[in-house]
Amino acid sequence: MKGRKQKISIYQRPVAQNNRTASESHATGQTFLWITENNLTVHEHRKENGLLEDILSPSNLNAACKRVKSNHGAAGIDKMEVESLKDYLVGNKDVLIESILGGKYRLNPTRRVYIPKEDGKQRQLGIPTVVDRVIQQSIAQKLSQVCEPQFSDHSYGFRPRRSTHGALRKCQQYINEGYIYAVDMDLERFFDTVHHNLIEVLSRTIKDGRVVSLIHKYLNAGVKDGVCFEESHEGVPQGGPLSPLLGNILLGELDRELEKRGHKFVRYADDLVILCKSRRSAERVMESIISFIEKKLFLKVNRNKTKVAYIRDIQFLGYSFYRYKGECRLRVHSKSVEKMKARIRELTSRSNGWGNECRKTALNQYIIGWVQYFKLADIKTLLTTTDAWLRRRLRMVIWKQWKRIRTKVANLVKLGINRYKAYEWANTRKGYWHVANSFILSRTVTDERLRKAGYVFFSDYYKTVRVKC
(Lines give C-alpha, C1' and ligand atoms only; values in the text may rest on other atoms or scores of the structure.)
Protein backbone atom coordinates (compact mmCIF):
# COMPACT_ATOMS: atom_id res chain seq x y z
CA MET A 1 0.00 0.00 0.00
CA LYS A 2 1.13 3.54 -0.76
CA GLY A 3 3.54 4.96 1.81
CA ARG A 4 3.20 2.00 4.12
CA LYS A 5 6.39 0.45 5.53
CA GLN A 6 6.82 -3.28 5.91
CA LYS A 7 9.77 -4.86 7.70
CA ILE A 8 11.44 -7.80 6.03
CA SER A 9 13.99 -9.96 7.75
CA ILE A 10 17.46 -9.40 6.39
CA TYR A 11 17.84 -13.19 6.24
CA GLN A 12 14.64 -13.70 4.29
CA ARG A 13 15.13 -14.25 0.57
CA PRO A 14 12.46 -12.35 -1.44
CA VAL A 15 10.41 -14.09 -4.10
CA ALA A 16 11.84 -11.85 -6.83
CA GLN A 17 15.30 -13.15 -6.02
CA ASN A 18 14.61 -16.92 -5.98
CA ASN A 19 16.93 -17.47 -8.90
CA ARG A 20 19.97 -15.98 -7.19
CA THR A 21 23.12 -18.01 -7.64
CA ALA A 22 25.15 -16.43 -4.84
CA SER A 23 26.03 -18.52 -1.82
CA GLU A 24 24.09 -18.27 1.41
CA SER A 25 26.89 -16.25 2.94
CA HIS A 26 26.15 -13.51 0.40
CA ALA A 27 22.38 -13.90 0.66
CA THR A 28 22.54 -12.61 4.22
CA GLY A 29 23.61 -9.28 2.78
CA GLN A 30 20.73 -9.04 0.28
CA THR A 31 20.18 -5.47 -0.83
CA PHE A 32 16.91 -3.61 -0.35
CA LEU A 33 16.08 0.01 -1.01
CA TRP A 34 14.61 2.49 1.39
CA ILE A 35 11.69 3.64 -0.74
CA THR A 36 7.93 3.73 -0.99
CA GLU A 37 5.97 3.32 -4.19
CA ASN A 38 6.26 6.98 -5.10
CA ASN A 39 9.38 8.14 -3.34
CA LEU A 40 12.05 7.39 -0.77
CA THR A 41 10.87 7.86 2.78
CA VAL A 42 12.63 9.63 5.62
CA HIS A 43 14.06 7.16 8.12
CA GLU A 44 12.84 7.83 11.65
CA HIS A 45 15.97 6.56 13.39
CA ARG A 46 18.60 8.81 11.82
CA LYS A 47 20.92 9.81 14.65
CA GLU A 48 23.53 11.88 12.84
CA ASN A 49 24.05 13.65 9.57
CA GLY A 50 27.28 12.06 8.35
CA LEU A 51 28.37 11.18 4.81
CA LEU A 52 26.66 7.79 5.04
CA GLU A 53 23.33 9.44 5.84
CA ASP A 54 23.80 11.75 2.85
CA ILE A 55 24.45 8.71 0.65
CA LEU A 56 21.27 7.06 1.91
CA SER A 57 19.16 10.20 1.63
CA PRO A 58 15.89 9.92 -0.35
CA SER A 59 16.94 12.36 -3.06
CA ASN A 60 20.34 10.73 -3.58
CA LEU A 61 18.96 7.18 -3.77
CA ASN A 62 16.20 8.27 -6.15
CA ALA A 63 18.79 9.90 -8.42
CA ALA A 64 20.91 6.74 -8.29
CA CYS A 65 17.91 4.58 -9.26
CA LYS A 66 17.13 6.78 -12.25
CA ARG A 67 20.76 6.75 -13.38
CA VAL A 68 21.04 2.96 -13.17
CA LYS A 69 17.78 2.49 -15.08
CA SER A 70 18.82 4.95 -17.79
CA ASN A 71 22.16 3.15 -18.24
CA HIS A 72 20.42 -0.23 -18.70
CA GLY A 73 23.27 -2.73 -18.63
CA ALA A 74 23.48 -6.49 -18.15
CA ALA A 75 22.23 -8.47 -15.17
CA GLY A 76 24.50 -9.56 -12.34
CA ILE A 77 24.76 -12.99 -10.74
CA ASP A 78 21.13 -12.84 -9.55
CA LYS A 79 19.91 -12.46 -13.17
CA MET A 80 17.70 -9.51 -12.26
CA GLU A 81 17.25 -7.13 -15.20
CA VAL A 82 17.06 -3.35 -14.91
CA GLU A 83 13.39 -3.47 -15.93
CA SER A 84 12.59 -5.37 -12.72
CA LEU A 85 14.36 -2.86 -10.48
CA LYS A 86 11.41 -0.61 -9.67
CA ASP A 87 9.03 -3.40 -8.68
CA TYR A 88 11.70 -5.09 -6.61
CA LEU A 89 12.65 -1.93 -4.76
CA VAL A 90 9.04 -0.98 -4.08
CA GLY A 91 8.42 -4.39 -2.54
CA ASN A 92 11.54 -4.36 -0.34
CA LYS A 93 11.79 -1.29 1.83
CA ASP A 94 13.75 -0.29 4.93
CA VAL A 95 15.96 -3.35 5.28
CA LEU A 96 18.78 -1.97 3.18
CA ILE A 97 19.08 1.08 5.38
CA GLU A 98 19.00 -1.00 8.54
CA SER A 99 21.64 -3.37 7.20
CA ILE A 100 23.99 -0.60 6.05
CA LEU A 101 23.62 1.52 9.18
CA GLY A 102 24.09 -1.61 11.27
CA GLY A 103 27.22 -2.64 9.39
CA LYS A 104 25.64 -5.91 8.23
CA TYR A 105 25.37 -5.07 4.54
CA ARG A 106 27.42 -7.20 2.13
CA LEU A 107 27.63 -6.72 -1.59
CA ASN A 108 27.13 -9.67 -3.89
CA PRO A 109 30.03 -10.94 -6.01
CA THR A 110 30.28 -9.40 -9.46
CA ARG A 111 29.64 -11.49 -12.57
CA ARG A 112 32.74 -11.80 -14.72
CA VAL A 113 32.43 -11.25 -18.44
CA TYR A 114 35.11 -10.88 -21.10
CA ILE A 115 35.28 -8.47 -24.03
CA PRO A 116 37.97 -8.53 -26.74
CA LYS A 117 40.70 -5.87 -26.87
CA GLU A 118 42.44 -4.46 -29.92
CA ASP A 119 45.62 -6.41 -29.19
CA GLY A 120 43.77 -9.74 -29.28
CA LYS A 121 43.66 -10.11 -25.51
CA GLN A 122 40.53 -9.99 -23.38
CA ARG A 123 39.41 -7.33 -20.95
CA GLN A 124 37.77 -8.55 -17.74
CA LEU A 125 34.59 -6.81 -16.62
CA GLY A 126 32.81 -7.32 -13.32
CA ILE A 127 29.06 -6.78 -13.55
CA PRO A 128 27.42 -6.06 -10.15
CA THR A 129 23.79 -6.95 -9.50
CA VAL A 130 21.32 -4.23 -10.42
CA VAL A 131 20.57 -3.39 -6.78
CA ASP A 132 24.27 -3.26 -5.92
CA ARG A 133 24.73 -0.85 -8.83
CA VAL A 134 22.19 1.47 -7.21
CA ILE A 135 24.18 1.46 -3.97
CA GLN A 136 27.47 2.04 -5.78
CA GLN A 137 25.93 4.85 -7.81
CA SER A 138 24.60 6.51 -4.66
CA ILE A 139 28.07 6.31 -3.09
CA ALA A 140 29.71 7.70 -6.24
CA GLN A 141 27.33 10.67 -6.42
CA LYS A 142 28.15 11.90 -2.92
CA LEU A 143 31.79 10.84 -2.89
CA SER A 144 32.51 12.75 -6.09
CA GLN A 145 31.23 15.93 -4.42
CA VAL A 146 33.77 15.40 -1.64
CA CYS A 147 36.71 14.45 -3.89
CA GLU A 148 36.11 16.65 -6.92
CA PRO A 149 37.63 19.84 -5.38
CA GLN A 150 40.79 17.87 -4.56
CA PHE A 151 41.34 16.47 -8.06
CA SER A 152 43.99 17.93 -10.34
CA ASP A 153 43.22 20.31 -13.19
CA HIS A 154 45.30 17.95 -15.34
CA SER A 155 42.79 15.10 -14.86
CA TYR A 156 39.98 14.86 -17.42
CA GLY A 157 38.49 11.37 -17.24
CA PHE A 158 35.06 10.63 -15.72
CA ARG A 159 34.68 14.06 -14.20
CA PRO A 160 31.82 16.56 -14.54
CA ARG A 161 32.22 19.21 -17.24
CA ARG A 162 35.43 17.57 -18.49
CA SER A 163 35.95 15.50 -21.60
CA THR A 164 38.43 13.98 -24.01
CA HIS A 165 38.27 17.14 -26.10
CA GLY A 166 39.39 19.21 -23.11
CA ALA A 167 42.34 16.84 -22.57
CA LEU A 168 43.35 17.10 -26.22
CA ARG A 169 43.18 20.89 -26.24
CA LYS A 170 45.40 21.00 -23.15
CA CYS A 171 47.94 18.81 -24.99
CA GLN A 172 47.82 21.23 -27.90
CA GLN A 173 48.50 24.12 -25.55
CA TYR A 174 51.60 22.45 -24.09
CA ILE A 175 52.91 21.44 -27.52
CA ASN A 176 52.48 25.00 -28.77
CA GLU A 177 54.60 26.09 -25.80
CA GLY A 178 57.45 23.89 -27.03
CA TYR A 179 56.87 20.64 -25.13
CA ILE A 180 57.28 18.42 -28.16
CA TYR A 181 58.49 15.14 -26.61
CA ALA A 182 56.11 12.88 -24.76
CA VAL A 183 56.29 10.12 -22.19
CA ASP A 184 53.48 7.85 -23.35
CA MET A 185 52.70 5.95 -20.13
CA ASP A 186 50.81 2.65 -20.25
CA LEU A 187 49.53 1.16 -16.97
CA GLU A 188 49.18 -2.59 -17.33
CA ARG A 189 45.68 -3.85 -16.53
CA PHE A 190 45.11 -0.83 -14.31
CA PHE A 191 41.68 -1.68 -12.88
CA ASP A 192 42.70 -5.31 -12.33
CA THR A 193 45.83 -4.38 -10.37
CA VAL A 194 44.69 -1.46 -8.23
CA HIS A 195 46.17 -2.25 -4.84
CA HIS A 196 43.82 -2.14 -1.89
CA ASN A 197 45.96 0.51 -0.24
CA LEU A 198 43.33 2.61 -1.95
CA ILE A 199 41.50 2.35 1.39
CA GLU A 200 44.38 4.21 3.06
CA VAL A 201 44.11 6.96 0.44
CA LEU A 202 40.34 7.16 0.95
CA SER A 203 40.72 7.43 4.71
CA ARG A 204 42.65 10.69 4.32
CA THR A 205 39.65 12.31 2.63
CA ILE A 206 36.60 10.51 4.04
CA LYS A 207 36.10 11.10 7.74
CA ASP A 208 33.06 8.80 7.99
CA GLY A 209 34.61 5.40 8.64
CA ARG A 210 31.36 3.63 7.81
CA VAL A 211 31.64 4.80 4.19
CA VAL A 212 35.24 3.63 3.97
CA SER A 213 34.17 0.26 5.37
CA LEU A 214 31.35 0.03 2.81
CA ILE A 215 33.77 0.69 -0.06
CA HIS A 216 36.17 -1.86 1.39
CA LYS A 217 33.36 -4.44 1.25
CA TYR A 218 32.84 -3.53 -2.38
CA LEU A 219 36.50 -4.18 -3.14
CA ASN A 220 36.39 -7.52 -1.30
CA ALA A 221 33.05 -8.73 -2.70
CA GLY A 222 34.74 -11.24 -5.00
CA VAL A 223 33.91 -12.41 -8.51
CA LYS A 224 31.86 -15.26 -9.91
CA ASP A 225 33.26 -16.66 -13.15
CA GLY A 226 30.62 -19.15 -14.26
CA VAL A 227 30.02 -21.27 -11.18
CA CYS A 228 33.41 -20.56 -9.59
CA PHE A 229 33.78 -17.94 -6.88
CA GLU A 230 37.08 -16.04 -6.67
CA GLU A 231 38.15 -13.83 -3.81
CA SER A 232 39.41 -10.36 -4.74
CA HIS A 233 42.63 -9.29 -3.06
CA GLU A 234 43.44 -6.53 -5.53
CA GLY A 235 41.78 -4.67 -8.36
CA VAL A 236 38.61 -2.67 -8.86
CA PRO A 237 36.16 -4.53 -11.13
CA GLN A 238 35.34 -2.59 -14.29
CA GLY A 239 31.62 -2.37 -14.87
CA GLY A 240 30.45 -0.80 -11.61
CA PRO A 241 29.52 2.90 -11.25
CA LEU A 242 32.08 3.39 -8.49
CA SER A 243 35.14 2.06 -10.34
CA PRO A 244 36.06 5.17 -12.39
CA LEU A 245 35.86 7.40 -9.31
CA LEU A 246 38.05 5.06 -7.25
CA GLY A 247 40.57 4.99 -10.10
CA ASN A 248 40.69 8.79 -10.14
CA ILE A 249 41.15 8.89 -6.36
CA LEU A 250 44.17 6.58 -6.48
CA LEU A 251 45.72 8.23 -9.54
CA GLY A 252 45.17 11.58 -7.87
CA GLU A 253 48.27 10.64 -5.85
CA LEU A 254 50.20 10.43 -9.13
CA ASP A 255 48.78 13.77 -10.26
CA ARG A 256 49.96 15.47 -7.09
CA GLU A 257 53.44 13.99 -7.46
CA LEU A 258 53.71 15.21 -11.05
CA GLU A 259 52.49 18.66 -10.07
CA LYS A 260 54.97 18.80 -7.20
CA ARG A 261 57.76 18.09 -9.69
CA GLY A 262 56.47 20.78 -12.05
CA HIS A 263 55.73 18.52 -15.04
CA LYS A 264 53.37 19.29 -17.90
CA PHE A 265 50.98 16.35 -18.21
CA VAL A 266 47.45 15.33 -19.14
CA ARG A 267 45.64 12.31 -17.73
CA TYR A 268 42.38 10.78 -18.85
CA ALA A 269 41.55 7.88 -16.49
CA ASP A 270 44.59 5.58 -16.82
CA ASP A 271 45.80 7.18 -20.09
CA LEU A 272 48.69 9.46 -19.20
CA VAL A 273 50.98 11.59 -21.34
CA ILE A 274 53.78 13.71 -19.86
CA LEU A 275 55.19 16.40 -22.15
CA CYS A 276 58.80 17.62 -22.09
CA LYS A 277 61.00 19.94 -24.17
CA SER A 278 63.74 17.42 -24.95
CA ARG A 279 64.12 13.69 -25.38
CA ARG A 280 66.72 13.44 -22.60
CA SER A 281 64.48 15.13 -20.05
CA ALA A 282 61.57 12.92 -21.12
CA GLU A 283 63.67 9.79 -20.58
CA ARG A 284 64.67 10.95 -17.09
CA VAL A 285 61.05 11.70 -16.24
CA MET A 286 59.94 8.30 -17.48
CA GLU A 287 62.36 6.39 -15.26
CA SER A 288 61.57 8.37 -12.12
CA ILE A 289 57.81 8.24 -12.59
CA ILE A 290 57.83 4.49 -13.29
CA SER A 291 59.65 4.05 -9.99
CA PHE A 292 57.02 6.13 -8.17
CA ILE A 293 54.11 4.29 -9.75
CA GLU A 294 55.45 0.84 -8.96
CA LYS A 295 56.91 1.48 -5.49
CA LYS A 296 54.45 3.99 -4.07
CA LEU A 297 51.16 3.17 -5.80
CA PHE A 298 51.89 -0.55 -6.29
CA LEU A 299 50.67 -0.43 -9.89
CA LYS A 300 52.26 -2.16 -12.87
CA VAL A 301 53.71 -0.24 -15.81
CA ASN A 302 53.75 -1.96 -19.19
CA ARG A 303 57.36 -1.26 -20.14
CA ASN A 304 56.87 -2.66 -23.65
CA LYS A 305 54.28 -0.01 -24.45
CA THR A 306 55.57 2.85 -22.32
CA LYS A 307 57.92 4.96 -24.41
CA VAL A 308 59.45 8.35 -25.07
CA ALA A 309 58.60 9.70 -28.52
CA TYR A 310 58.17 12.81 -30.59
CA ILE A 311 54.56 14.00 -30.39
CA ARG A 312 53.63 12.79 -33.90
CA ASP A 313 54.57 9.22 -32.93
CA ILE A 314 52.19 8.80 -30.01
CA GLN A 315 48.50 7.95 -29.79
CA PHE A 316 46.36 9.66 -27.16
CA LEU A 317 42.62 9.06 -26.91
CA GLY A 318 42.50 7.87 -30.53
CA TYR A 319 44.20 11.02 -31.85
CA SER A 320 47.75 11.85 -32.89
CA PHE A 321 49.52 15.22 -33.12
CA TYR A 322 51.55 17.08 -35.71
CA ARG A 323 52.89 20.59 -36.15
CA TYR A 324 52.04 22.83 -39.09
CA LYS A 325 53.63 26.28 -39.36
CA GLY A 326 54.62 26.03 -35.70
CA GLU A 327 51.08 25.24 -34.53
CA CYS A 328 49.96 21.92 -33.07
CA ARG A 329 47.26 20.21 -35.10
CA LEU A 330 45.29 17.02 -34.53
CA ARG A 331 44.71 14.06 -36.82
CA VAL A 332 42.96 10.72 -36.39
CA HIS A 333 45.45 8.04 -35.48
CA SER A 334 45.88 5.30 -38.09
CA LYS A 335 44.65 2.63 -35.64
CA SER A 336 41.45 4.61 -35.10
CA VAL A 337 40.93 4.79 -38.88
CA GLU A 338 41.41 1.02 -39.19
CA LYS A 339 38.97 0.43 -36.36
CA MET A 340 36.40 2.71 -37.99
CA LYS A 341 36.64 0.94 -41.34
CA ALA A 342 36.35 -2.46 -39.68
CA ARG A 343 33.14 -1.32 -38.02
CA ILE A 344 31.75 0.04 -41.29
CA ARG A 345 32.46 -3.33 -42.92
CA GLU A 346 30.43 -5.04 -40.19
CA LEU A 347 27.53 -2.64 -40.59
CA THR A 348 27.48 -2.97 -44.40
CA SER A 349 28.12 -6.70 -44.59
CA ARG A 350 26.21 -8.38 -47.43
CA SER A 351 25.33 -11.34 -45.26
CA ASN A 352 24.45 -10.01 -41.80
CA GLY A 353 20.73 -10.48 -42.44
CA TRP A 354 19.78 -6.93 -41.55
CA GLY A 355 16.96 -5.04 -43.21
CA ASN A 356 17.57 -1.66 -44.77
CA GLU A 357 16.06 0.29 -41.87
CA CYS A 358 18.10 -1.54 -39.27
CA ARG A 359 21.30 -1.06 -41.27
CA LYS A 360 20.52 2.59 -41.88
CA THR A 361 19.86 3.31 -38.20
CA ALA A 362 23.02 1.55 -37.03
CA LEU A 363 25.16 3.25 -39.68
CA ASN A 364 23.78 6.71 -38.98
CA GLN A 365 24.27 6.37 -35.22
CA TYR A 366 27.85 5.20 -35.65
CA ILE A 367 28.78 7.92 -38.18
CA ILE A 368 27.29 10.72 -36.05
CA GLY A 369 29.06 9.47 -32.91
CA TRP A 370 32.39 9.01 -34.72
CA VAL A 371 32.36 12.47 -36.27
CA GLN A 372 31.36 14.09 -32.98
CA TYR A 373 34.33 12.45 -31.26
CA PHE A 374 36.94 13.16 -33.95
CA LYS A 375 35.70 16.59 -35.05
CA LEU A 376 38.79 18.29 -33.57
CA ALA A 377 41.03 16.55 -36.10
CA ASP A 378 41.86 17.58 -39.66
CA ILE A 379 39.71 14.95 -41.35
CA LYS A 380 38.17 16.56 -44.43
CA THR A 381 40.20 14.51 -46.92
CA LEU A 382 39.83 11.33 -44.88
CA LEU A 383 36.04 11.71 -44.76
CA THR A 384 35.77 12.39 -48.50
CA THR A 385 37.58 9.16 -49.42
CA THR A 386 35.74 7.21 -46.70
CA ASP A 387 32.37 8.37 -48.01
CA ALA A 388 33.19 7.20 -51.55
CA TRP A 389 34.15 3.80 -50.16
CA LEU A 390 31.02 3.67 -47.96
CA ARG A 391 28.69 4.49 -50.86
CA ARG A 392 30.28 1.75 -52.94
CA ARG A 393 29.60 -0.70 -50.12
CA LEU A 394 25.99 0.44 -49.92
CA ARG A 395 25.55 -0.05 -53.67
CA MET A 396 27.04 -3.51 -53.31
CA VAL A 397 24.43 -4.37 -50.66
CA ILE A 398 21.60 -2.99 -52.78
CA TRP A 399 22.77 -4.89 -55.88
CA LYS A 400 22.79 -8.11 -53.91
CA GLN A 401 19.31 -7.42 -52.49
CA TRP A 402 17.86 -7.25 -56.01
CA LYS A 403 18.92 -10.92 -56.44
CA ARG A 404 16.97 -12.09 -59.51
CA ILE A 405 17.78 -11.01 -63.04
CA ARG A 406 14.26 -9.79 -63.75
CA THR A 407 14.31 -7.70 -60.55
CA LYS A 408 17.60 -6.10 -61.54
CA VAL A 409 16.29 -5.33 -65.03
CA ALA A 410 13.08 -3.82 -63.69
CA ASN A 411 14.85 -1.65 -61.11
CA LEU A 412 17.51 -0.41 -63.53
CA VAL A 413 14.86 0.53 -66.12
CA LYS A 414 12.82 2.25 -63.44
CA LEU A 415 15.90 4.29 -62.48
CA GLY A 416 16.53 5.50 -66.05
CA ILE A 417 18.66 2.84 -67.80
CA ASN A 418 17.50 1.62 -71.23
CA ARG A 419 16.21 -1.95 -71.26
CA TYR A 420 19.03 -3.39 -73.40
CA LYS A 421 21.76 -2.04 -71.10
CA ALA A 422 19.76 -3.07 -68.03
CA TYR A 423 19.46 -6.63 -69.36
CA GLU A 424 23.19 -6.69 -70.13
CA TRP A 425 24.19 -5.68 -66.60
CA ALA A 426 21.57 -7.85 -64.94
CA ASN A 427 23.23 -10.87 -66.55
CA THR A 428 26.82 -9.90 -65.78
CA ARG A 429 29.07 -12.43 -64.11
CA LYS A 430 31.14 -9.75 -62.45
CA GLY A 431 31.18 -9.75 -58.66
CA TYR A 432 29.11 -7.54 -56.39
CA TRP A 433 32.06 -5.33 -55.41
CA HIS A 434 33.02 -4.76 -59.07
CA VAL A 435 29.47 -3.89 -60.13
CA ALA A 436 29.12 -1.53 -57.15
CA ASN A 437 31.85 0.64 -58.73
CA SER A 438 30.39 0.58 -62.23
CA PHE A 439 28.76 3.50 -64.03
CA ILE A 440 25.49 1.56 -64.16
CA LEU A 441 24.97 1.84 -60.39
CA SER A 442 26.59 5.28 -60.09
CA ARG A 443 23.94 6.63 -62.49
CA THR A 444 21.05 4.82 -60.82
CA VAL A 445 21.81 4.49 -57.11
CA THR A 446 23.17 8.04 -56.98
CA ASP A 447 24.63 9.83 -53.96
CA GLU A 448 21.55 12.05 -53.82
CA ARG A 449 19.16 9.10 -53.86
CA LEU A 450 21.07 7.50 -50.99
CA ARG A 451 20.75 10.74 -49.03
CA LYS A 452 17.01 10.93 -49.74
CA ALA A 453 16.72 7.35 -48.55
CA GLY A 454 17.95 8.56 -45.15
CA TYR A 455 21.65 7.62 -45.13
CA VAL A 456 24.04 9.97 -43.33
CA PHE A 457 27.57 10.38 -44.71
CA PHE A 458 30.69 11.45 -42.85
CA SER A 459 31.39 14.59 -44.88
CA ASP A 460 27.82 15.83 -44.78
CA TYR A 461 27.57 15.57 -41.02
CA TYR A 462 31.08 16.96 -40.47
CA LYS A 463 30.09 20.18 -42.25
CA THR A 464 27.46 20.78 -39.57
CA VAL A 465 29.74 20.22 -36.56
CA ARG A 466 33.29 21.05 -37.65
CA VAL A 467 35.27 23.31 -35.37
CA LYS A 468 38.51 25.22 -35.72
CA CYS A 469 41.23 23.74 -33.51
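# Reading burial and side-chain contacts

Me: Is Cys276 buried or exposed, and how should I read its relative accessibility?

Reply: Cys276 counts as buried, with a relative accessibility of 6%, and that label applies because buried means under 20% relative accessible area. Please keep in mind throughout that this is a predicted model. Another cysteine, Cys358, is partly exposed, with a relative accessible area of 42%.

Me: How many disulfides does a search of the whole structure find?

Reply: The search of the whole structure finds 0 disulfides.

Me: How many salt bridges are found in the whole structure, and which residue meets Arg210 in one of them?

Reply: There are 20 salt bridges in the whole structure, and in one of them the side chain of Arg210 meets that of Glu53, with 2.8 Å from N to O. This pair links distant parts of the chain, since Arg210 belongs to helix α10 (residues 209-219) and Glu53 to helix α2 (residues 51-55), 157 residues apart.

Me: Which residue does Arg343 form a salt bridge with, and where do the two partners lie?

Reply: Arg343 pairs with Glu346, and their closest N and O atoms are 2.8 Å apart. Both residues lie in helix α13 (residues 334-347), where a spacing of 3 residues amounts to about one turn of the helix. Arg343 is partly exposed, at 33% relative accessible area, and Glu346 is likewise partly exposed, at 47%.

Me: Which residue does Lys360 meet in a salt bridge, and over which ring does its charged end sit?

Reply: The side chain of Lys360 meets that of Glu357 in a salt bridge of 3.1 Å, N to O. These two residues are separated by about one helical turn, because they are 3 residues apart in helix α14 (residues 356-374). The charged end of Lys360 also sits over the ring of Tyr455, 5.6 Å from its centre, and Lys360 itself is buried, with a relative accessible area of 13%. A further case of a charge and a ring involves Arg162, which lies over the face of Tyr156 at 4.8 Å from the ring centre.

Me: Which residues are linked in a network of salt bridges?

Reply: Glu200, Arg204, Glu253 and Arg256 are linked in such a network.

Me: How many aromatic pairs are there, and what describes a pair of aromatic rings?

Reply: A pair of aromatic rings is described by the distance of the centres and the angle of the planes. The search of the whole structure finds 10 aromatic pairs, and one of them, formed by Tyr373 and Phe374, is edge-to-face, with 4.8 Å centre to centre and 80 degrees between the planes. That label follows because planes over 60 degrees apart count as edge-to-face. Tyr373 is partly exposed, with a relative accessible area of 26%, while Phe374 is buried, at 6%. Both residues belong to one aromatic cluster, together with Tyr319, Trp370 and Phe458.

Me: In which sense do strands β9 and β10 pair, and how many residues lie between them?

Reply: Strand β9 (residues 319-324) and strand β10 (residues 327-332) pair in the antiparallel sense over 6 bridges, and across this pairing Arg323 stands opposite Cys328 in β10. The two strands form a hairpin with 2 residues between them, and in the turn Lys325 has a positive phi of about 55 degrees.

Terms used:
Residues are numbered from 1 along each chain as its sequence is written. This is a predicted model: local features need pLDDT of at least 70, side-chain atom pairs count only at pLDDT 80 or more; totals for chains, interfaces and linings use all residues. Side-chain values use heavy atoms; hydrogens and water are left out. A salt bridge is a side-chain nitrogen of Lys or Arg within 4 Å of a carboxyl oxygen of Asp or Glu. Helices (H or I, at least four residues) and strands (E, at least two) are DSSP runs, numbered from the N terminus. Buried means under 20% relative accessible area, exposed over 50%, partly exposed in between (1.4 Å probe, protein chains only). Rings of Phe, Tyr and Trp (its six-membered ring) pair if their centres lie within 6.5 Å; planes under 30 degrees apart count as stacked, over 60 as edge-to-face and the rest as tilted. A charge sits over a ring if NZ of Lys or CZ of Arg is within 6 Å of the ring centre and within 35 degrees of the ring normal. Two strands pair if DSSP finds at least two bridges between them. A disulfide is a pair of cysteine sulfur atoms within 2.5 Å.
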